[in-house]
Amino acid sequence: MSAVLTRSPVWRALARDAARAHSGALLRDDPGRAERYSLALDDLLVDFSRHPLTDATRDRLLELARERGVPERIEALFTGAVVNESEGRPALHTALRSAPDASVVVGGEDVVPQVHRELERMAALVEGLRAGEVGGYDGRPIRHVVNIGIGGSEAGVTMAHEALARGDEPLRLHTVSGVDGRELAAVWQRIDPAATLFCVASKSFTTLETLTNARTAWAWLAAEAGRAVPEQFAGISADDSAMARFGLPEARRFRIWPWVGGRYSLPSAMGLPLAATVGMARFRELQAGMREVDRHFREASLAENIPVMLGLLGAWQIGLGGVTGHVALPYHPGLRRLPAYLQQLDMESLGKSATRDGEPVDYPTGTSFWGEVGNNAQHSFFQWLHQGTGRVIAELQVPCDEADLPADHRGLTLASALGQAQALAHGQAPAGEGAAAAHRAYEGGRPVTLVLFRRLDARSLGRLIALHEHRVFVQASIWGINPFDQWGVELGKQVAKGLIPAARGEAEPPATADAATRQALAWAQRQRGGA
């Protein structure tokens, strides 16, 4: 498939386009550009007028989408066709937030009723927890929820909780992901063991970090209670038998499915710790926001389709325009963890070097993805964005409603975001000559996406998440890669597993350990006072 893409006359024409336009000049010369290159979904506006896009290039990108089968791939995604080719599976994360009356048939079975059965089971536990009807080993109600997971089993819960929690919730959320035990030790100091529910989240229920932490938590709670307390644990996994072997009671085992990846699993029972702490109403609003973008993505024409246009812009500029990064800049402190969440979605999905049919790619796919709260970033890496030699897509995400802010603070965030967007696009010509003028010159022409929405709430957060899920899918479709597997993370895990006895000082390094690894193991042992 890589050869097909690079031989495409449309792709070759887009390569010529990539080096031509300066977004600041395009905006200056075309007063109607901003309106023409913006798309809205209710109170969400996505403005991509600050990308180096001309009408001719846009037409070519839309032609490329048709040539690469994007409309057909979108329909395959929603109807349960195999779109995760390397694992022979559909990718049905959209079914996780579907309406109860929807239908997605896979292998002769409608998966939507299964999804909603698990969500109703989850809702019953959530409502009991929040009402104080679920007690710990001494009868007092549960007031702490500890999420034990890593990657997609942790990032979404932590991110969404920070965005949506108001501080007056009846339950407090704590998260543990690292394997060295320090996070657990810190959590012990903040929770009451008799009033804590531990949620063990792992799609496979074999993840080293998660299962190590879960076993430690089980032993700690048993020591505190004087007996094993399985009723203070819940599990979320695609492997029910593994949860049963761990000791989780049937009523506390919640199901996800092989056809959903961890990084797409937040709106399923994987969101149990989130729903328990912010409430099912907000959890369902999060799902509703995702569902609205799903509907738009499936039904809107290519030219009016927000994820399609963003995906086309990314695929073009990364594949042909020298863009080597994508930075997410939320202008709201509640979205502090959103860049890290999107980082996993983007880099785990698009970090591929083979096409869906196993051929090596001969063009860039994916890119580095990072971010920070916008106002903070202005005082750290914005210098590099404005005057550095790298080229990145800067995405500014800005809520507009400031009714809850003190009067002196209103307008400052919006002005900051718009000022940076304008400066990145237009730049500034040197004033005068010589070194001083050169230091004050801004090249401009940096690609900027501006995302405006009314306020940060569960619905708008769901929209932002789904927008990026589908944007990633479009980029993958153009490049011909599979965004739903992640084989690249497996090798390091396998090597690490073989090194555990040596790292503990219980055995010699395995024969497969190279000289650098052996040196590091020996050095670490000496620092520990070992032999």
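R140 is partly exposed at a relative accessible area of 38%, the term covering values between buried (under 20%) and exposed (over 50%), with a 1.4 Å probe and protein chains only. This is a predicted model, in which local features need pLDDT of at least 70 and side-chain atom pairs count only at pLDDT 80 or more, whereas totals for chains, interfaces and linings use all residues. Residues are numbered from 1 along each chain as its sequence is written, and side-chain values use heavy atoms, with hydrogens and water left out.

R140 forms a salt bridge with D138, meaning that a side-chain nitrogen of Lys or Arg lies within 4 Å of a carboxyl oxygen of Asp or Glu. By this rule there are 33 salt bridges, and the table lists some of them.

| Pair | Closest N to O |
|---|---|
| R298 and E75 | 2.6 Å |
| R140 and D138 | 2.8 Å |

In the pair of R298 and E75, R298 belongs to helix 14 (residues 280-299) and E75 to helix 6 (residues 70-79), so the contact ties together parts that are 223 residues apart in sequence; helices here are DSSP runs of H or I with at least four residues, and strands are runs of E with at least two, numbered from the N terminus. R298 is partly exposed at 39%, as is E75 at 35%. By contrast, D29 is exposed at 57% and R28 is exposed at 59%.

A network of salt bridges links D42, D43, E285, E292, R454, R459 and R463.
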